Amino acid sequence: MSFDILVQMDPVDSIDIKGDTSFAMMLEAQRRGHRVSFYGAGDLLLRDGKLWTRATPLQLRDEVDNHFTAEAPVTREVADADVVLMRQDPPFNMNYITATYLLESVASDVLVVNEPAAVRDAPEKLLVGQFPDLIPPTLVSANAEDIRNFHDAYKDIIIKPLYGNGGEGVFRIGEDGVNLNVLLDTFARQYGALPLVAQKFLPQVFDGDKRIILLDGKAVGAIDRFPSSGEVRANMHVGGKAAATELSDRDALICDAVGIELRKRGLLFAGIDVIGGYLIEINVTSPTGIREIANFGGEDIAALFWDCVESRVG
């Protein structure tokens, strides 16, 4: 059966296909004979109770700098598709939340992955709070004094914006506390009254920040990401390097616990970050890593993903 697939994502001409999970998903869908079109969140429009979008049909190629041919955009009803992939990158802001509300209006007519209401209710730096026994000491607060007290307690900490993404705004504050006040003032100007996240710094990050992909609540692959020299962020697009890895017993315990919650919420595709046996984040918006996993001899997660989606649509 050939499916009509819409992918809500960042502009397709701007992606780096060597490590882009959305591209891998679309490429595998096309290989199976499905029709693939993309649109941006800003292309959605609600008119007379019906959700429409300006979608661009694609022909895809696994060729750097020549990875797609776009047809003319078509204005069409979203509910006429078989599958919608919500894959645009955060930041998790009101534009993102609005997109979840709009897609929720068609979720009874078309399979939306991940389920939009579940995405909205699962900010990745907050969802980990459901697992206090699995995370490092963590504080979420907009109060500067709370954060100073947290630093006094743990000495070496990481501070990051609650709704940041891709390693943006992640800072390490050492025991001397140098620049803590300046950083808090800067965050206050940039993010206003939004809370920040403070976590005890885990030096095990230099031994690898493990990205684990979960499909329907089950771990299906993982890579280690190592920060570049002078960095504490292991995110690939800020210079992190990937390496093959295996799941430890502790990793498996974390995956089992998180997987139960993901299935309960209807979150089909997710990525979790684990450092030194501690759960750091649960990514449900546009988790990445499947191309790197395949490159190191792991599972073809794009194929597993479509096996799962096809069974649900069928």
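Me: A salt bridge is a side-chain nitrogen of Lys or Arg within 4 Å of a carboxyl oxygen of Asp or Glu. How many of them does the structure hold, and which residues are linked in a network?
Reply: The structure holds 20 salt bridges, and Glu28, Arg31, Arg32, Asp307 and Glu310 are linked in a network of them. This is a predicted model, in which local features need pLDDT of at least 70 and side-chain atom pairs count only at pLDDT 80 or more, while totals for chains, interfaces and linings use all residues. Residues are numbered from 1 along each chain as its sequence is written, and side-chain values use heavy atoms, with hydrogens and water left out.

Me: Why is the contact of aspartate 273 with arginine 211 called a salt bridge?
Reply: The closest N and O atoms of aspartate 273 and arginine 211 are 2.7 Å apart, which is within 4 Å, so the pair meets the rule. The two partners come from distant parts of the chain, 62 residues apart, with aspartate 273 in strand β16 and arginine 211 in strand β13 (strands are DSSP runs of E, at least two residues, and helices are runs of H or I, at least four, both numbered from the N terminus). Aspartate 273 also meets arginine 225 in a salt bridge, at 3.1 Å from N to O, and because arginine 225 lies in strand β14, this pair ties together parts that are 48 residues apart in sequence.

Me: Are aspartate 273 and arginine 211 buried or exposed, and what makes them so?
Reply: Buried means under 20% relative accessible area, exposed means over 50%, and partly exposed lies in between (1.4 Å probe, protein chains only). Aspartate 273 has 7% relative accessibility and arginine 211 has 5%, so both values fall under the limit and both residues count as buried. Arginine 225 is buried as well.

Me: What sets lysine 264 apart from glutamate 261?
Reply: Lysine 264, at 63% relative accessibility, counts as exposed, whereas glutamate 261, with 13%, is buried. They form a salt bridge with their closest N and O atoms 3.2 Å apart, and both lie in helix α7 (residues 249–265), three residues apart, about one turn of the helix.

Me: Why does lysine 50 count as neither buried nor exposed?
Reply: The relative accessibility of lysine 50 is 42%, so this residue of strand β4 (residues 50–60) counts as partly exposed. Leaving aside its neighbours within four places in sequence, lysine 50 is in contact (heavy atoms within 4.5 Å) with Leu45 and Glu77.

Me: How do you know which strands stand at the edges of the sheet of five strands?
Reply: The open sheet runs in the order β15-β14-β13-β16-β17 with antiparallel pairing, where two strands pair if DSSP finds at least two bridges between them. β15 (241–244) and β17 (278–283) each have a single partner strand, so one side of each is left without a neighbour in the sheet. Within this sheet, β13 (residues 209–215) and β16 (residues 269–275) pair over seven bridges, and the bridge partner of leucine 214 in β16 is alanine 270. Helix α9 (residues 301–313) packs on the sheet, touching β13, β14 and β16, and its direction makes about 30 degrees with that of β13 (axes are lines fitted to C-alpha atoms, for helices over the stretch in contact, and angles run from 0 to 180 degrees between N-to-C directions).

Me: Why is the ring pair of phenylalanine 187 and tyrosine 191 called tilted?
Reply: Rings of Phe, Tyr and Trp (its six-membered ring) pair if their centres lie within 6.5 Å, and planes under 30 degrees apart count as stacked, over 60 as edge-to-face and the rest as tilted. Here the centres are 5.5 Å apart and the planes meet at 50 degrees, so the pair is tilted. Phenylalanine 305 and tryptophan 306, by contrast, have centres 5.1 Å apart and planes at 80 degrees, so that pair is edge-to-face. Ring pairs also link Phe171, Phe187 and Tyr191 into a cluster.

Me: What makes arginine 47 a charge over the ring of tryptophan 52?
Reply: The rule asks for NZ of Lys or CZ of Arg within 6 Å of the ring centre and within 35 degrees of the ring normal. The charged end of arginine 47 sits over the ring, 4.8 Å from its centre, and arginine 250 likewise lies over the face of tyrosine 278, at 5.8 Å from the ring centre.
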